[in-house]
Amino acid sequence: MGVLDRFEKGVENAVQSAFAKTFRSGVKPVELSSALKRECDARAAVVDRQRTVVPNEYILVLSPADMESVREWGDAALAHEFEDALHDHADRQRYSFVGQVAVRFEEDADLATGRYAVHSRSTRGPVAPAGNRAPHSRYPLLDIDGKRYHLTGTSTVLGRGSEADIVVDDTGVSRQHIRLERTDYGTIITDMGSTNGTFVEDQRIREATLLDGNAITIGRTTILYWDGLPTDEDA
């Protein structure tokens, strides 16, 4: 059960919850979460028999009073909860994203308290979150501590720093640790001068071409790699 689901049940039994105190009037987080899911479903586009693409960027437009409530709670924390909820919804519905999922808030002075709007779009990025389905797809795939990412861009950087395309929360990982490049000859992994090195199948490397099923180790983190299956649509 997700945080928002727990919140919804908690409000039914205990009006003293943190969310209930903050959102005494106007929109409630569970309303906004449901609205995001409806927008996701409404914008779902079938690409082929195995892939339905949905937007990965969402904007919640709120009234000034509701926006103030969001800020009091913590807009970054709430956005993160909504992003997790969208990930879970996409997994259940077997949807695919073409880029990193992001939710942000905007204020509209013309909106009355309790009213809101949702806008969405698909924006391709160097990586796209993947569900827990079969590892093969049209793009190479990484599994990092149970989180899966399709490599949709030609070059993807992994590291501990916020500037990395995929952030790895591991103190043994450098800010920009490795770069993965999709080429006609396979995915090439390059160590970017990291402090603790990069290992593929327990062999330290500076540069190597990855094979399907390879295990990559950076710091204390093990990353599993799978090749993408080429299709006529792959660019």
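Predicted model: local features only at pLDDT ≥ 70, side-chain atom pairs only at ≥ 80, totals over all residues.
Local features here need pLDDT of at least 70, side-chain atom pairs count only at pLDDT 80 or more, and totals for chains, interfaces and linings use all residues. Residues are numbered from 1 along each chain as its sequence is written, and side-chain values use heavy atoms, with hydrogens and water left out. The protein chain has five helices and 18 strands; these are DSSP runs numbered from the N terminus, with helices being H or I of at least four residues and strands being E of at least two.

**The chain overall**

- Of the 235 residues in the protein chain, 45% count as buried; buried means under 20% relative accessible area, exposed means over 50%, and partly exposed lies in between, using a 1.4 Å probe and protein chains only.
- Among contacts in the protein chain with a separation of 6 or more, 57% come from residues 24 or more positions apart, where contact means heavy atoms within 4.5 Å.
- The protein chain exposes about 12,700 Å², and carbon and sulfur atoms supply 46% of that area; accessible areas come from the Shrake-Rupley method with a 1.4 Å probe, and for residues only the protein chains shown count as cover.

- Five strands form an open sheet in the order 11-10-12-13-16, with mixed pairing; two strands pair if DSSP finds at least two bridges between them.
- Strand 11 (166–167) and strand 16 (207–209) are at the edges with a single partner strand each, so one side of each has no neighbour in the sheet.
- Strand 10 and strand 11 run parallel and are joined by two bridges.
- On the other pairing, strand 10 (residues 155–159) meets strand 12 (residues 178–183) in the antiparallel sense, over four bridges.
- Within strand 12, Ile178 is opposite Leu158, and Arg179 is the bridge partner of Val157.
- Strand 10 is mostly covered, with four of its five residues buried.

**Thr187 and its surroundings**

- Thr187 belongs to strand 13 (residues 186–191), and it counts as buried because its relative accessibility is 3%.
- The side chains of Thr187 and Tyr225 are joined by a polar contact of 2.8 Å; such a contact is a pair of N or O atoms within 3.5 Å, and within protein one must be able to donate a hydrogen and the other to accept it, while residues adjacent in sequence count only if both atoms are side-chain atoms.
- Leaving aside neighbours within four places in sequence, the contacts of Thr187 include Pro140, Leu180, Arg182, Ala208 and Leu210.

- Leu36 touches Tyr58, Leu60, Phe82, Leu86, Val103 and Val118, not counting residues up to four places away in sequence.

**Helix 4**

- Asp66, Met67, Ser69 and Val70 are buried in helix 4 (residues 64–73).
- Seen down the helix axis, the buried residues of helix 4 fall within an arc of 155°, so they line one face of the helix; the arc is that of the directions from the helix axis to the C-beta atoms.

- Arg94 sits in the loop between helix 5 and strand 4 (95–96); its phi is near 60°, a positive value in a residue other than glycine.
- Arg94 counts as exposed because its relative accessibility is 54%.
- Asp202, in the loop between strand 14 (198–200) and strand 15 (203–205), has a positive phi near 70° and counts as exposed at 66% relative accessibility.
- Arg51 is found in strand 2 (residues 51–53) and counts as buried at 16% relative accessibility.
- Arg51 and Tyr95 are 44 residues apart in sequence and 6.9 Å apart in space, C-alpha to C-alpha.
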